[in-house]
Amino acid sequence: MIQSYKKKPTLQENYDTIIIGSGMGGLATAAILAKEGQKVLVLERHYTAGGFTHIFKRKGYEWDVGIHYIGEVQREKSLLKKLFDYVTDSQLKWQDMGQVYDKIVIGDKHYDFVKGVKNFKKQMIAYFPEEEQAIHSYVDTVFNAVRASKNYYISKTLSPFVNSLVGGYLRKPFHKYSDKTTYQVLREMTDNEELIKVLTGQYGDYGLPPKQSSFSMHASVARHYFDGGSFPIGGSSQIAKTIDPVIEKAGGTILVSAEVDQVLIEKGKATGVQMKDGKQILAKNIISNAGLITTYNKLLPQQTVEKYQLKKQLQKVKPSVAHVSLYIGLEGTPEELQIPTTNYWVYPEKGDHDSCVQNYLDDLSQPFPVVYMSFPCAKDPDWSNRYPGKSSIDIITLVPYETFEQWKDSSWKKRGEEYEDIKETIAQRLLQELYKQLPHLEGKISYYELSTPLTTEHFVNYEKGEIYGLDHSPSRFRQGFLKPKTPIKNFYLTGQDIVTAGVGGALFSGILSATAVTGKNMLKKVL
């Protein structure tokens, strides 16, 4: 059972491993180590476990803060499905979202992403008959890029010696794709800008528009959803709920409201953590799932950071985008309100993705460069058992952290009138976008609430309110330090920063980090 640190639970004298942060990477690492017989303590500063997989409830509704759909869990043989089954003892169940998982809306035109590679190609060719060759070539290139990534990620677990011998060889095929931007790769296949805009219509899933993002990141997301999208039955809180017993079985615990002040380092070796209240808890290994930037700026002692020149690493990476989320509650069932299961990605009619982002950043009154709409109530067959007669919608768009930065030292829920006014303006604009797509919902909304980058900063401890950890530019995939092992003995990293954005990346980081800690090939075990 997930416990609260505030209730002074009985803790062990010593743990095998302490993990800071209960996001997907931390939970996956903890479960894999627990299955190796380790006693693991997961410490979460928020009052609820799960990181971006947690939910929150308000006014008789619940919303998912980060999980909107997951790919590849429909295929029994996929690595992701096997991994989820492994860390949850097969207790986590999935609902398929149906034939159309994403709808790309550009002005008045709609483009459906349909599940199944053949169907996807057929549908795209129907929209762009003169681009048949480019569409085939695009899908092939996505598969090739994803295939090349396996050895790249395996190279992150090698010892320095082995890495110096074979690391470059393992990474080379991957860099052929990761060194190019998404736009560069697509432009080699077609000069049809509308097709490029459609094919990159999921860029919000990793936060960087096509001329800035690494093609490898784009390929991993596109491939991830080719077989369709799924949603956890019972909502995304089921992820932490189903992993918790696996950790507990080996004598471990997940603690919430448990804020770590600092990692304890003695003679260049991590030995434990000091909590905000001064209490020290010791362990053989310490793993941070708090993200690279937070870990180096807030969790490690200053002299350790200087000794290993860790700030130099931070200069080579940038935080990903910040966002706002509008959480909407409606009276009526998903069926009565005809709420779709398909996600909507809504884009301005004119301009490519990059120029739309730039125009907006230069002047926030310009059209939103992307508006993402997700309908968890329709995706989850268990929703109406929990919330009869109600429905919920999440709408997300990009907003620069700087828009809200002046309130960063104020308290959550007490940031003042001007802050609330800006939020209300954005919320109303997003509601108008919703009514454009689903006009019949106007007048049906009973509650809405907007979260800002400061909300993300408050709950997830990302210092610029970023949603995807580090940004996914080509240079990010050249940083050799983004791996589980750090120069500090017995101190490791896990989470999306050492792999890629999103739940799949964070889940896979669990394998890499557990492999680095145990020295055993965990991928082989899971498969």
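The structure is a predicted model, in which local features need pLDDT of at least 70 and side-chain atom pairs count only at pLDDT 80 or more, while totals for chains, interfaces and linings use all residues. Residues are numbered from 1 along each chain as its sequence is written, and side-chain values use heavy atoms, with hydrogens and water left out.

**Stop 1: helix α3**

Select residues 117-127, which form helix α3. Helices (H or I, at least four residues) and strands (E, at least two) are DSSP runs, numbered from the N terminus. Colour Phe120, Lys121, Met124 and Ile125: they are buried. Buried means under 20% relative accessible area, exposed over 50%, and partly exposed in between (1.4 Å probe, protein chains only). These four cover an arc of only 125° around the axis, so they sit on the same side of α3; the arc is taken from the directions from the helix axis to the C-beta atoms. Now colour Lys118, Lys122 and Ala126, which are exposed on the other side of α3. What covers the buried residues? The cover includes β8 (100-106), β9 (109-114), α4 and α7 (193-199).

**Stop 2: Thr141 in α4**

Next, select Thr141 in helix α4 (residues 132-154). Is Thr141 buried or exposed? Its relative accessibility is 14%, so Thr141 counts as buried. Its side chain reaches the backbone oxygen of Ser137 at 2.7 Å. Leaving aside neighbours within four places in sequence, Thr141 is in contact with Tyr177, Val185, Met189 and Phe215, where contact means heavy atoms within 4.5 Å.

**Stop 3**

On the α4 side, select residues including Tyr138, Thr141 and Val142; on the α8 side, partners include Phe215, His218 and Ala219.

**Stop 4: two loop residues**

Finish with Ser257, in the loop between β11 (253-256) and β12 (260-266), and Lys267, in the loop between β12 and β13 (269-275). Most residues other than glycine have a negative phi. Phi of Ser257 is near 50°, a positive value, and phi of Lys267 is also near 50°. Ser257 counts as buried at 16% relative accessibility, whereas Lys267, at 87%, counts as exposed.

Definitions and conventions. A polar contact is a pair of N or O atoms within 3.5 Å; within protein, one must be able to donate a hydrogen and the other to accept it, and residues adjacent in sequence count only if both atoms are side-chain atoms.
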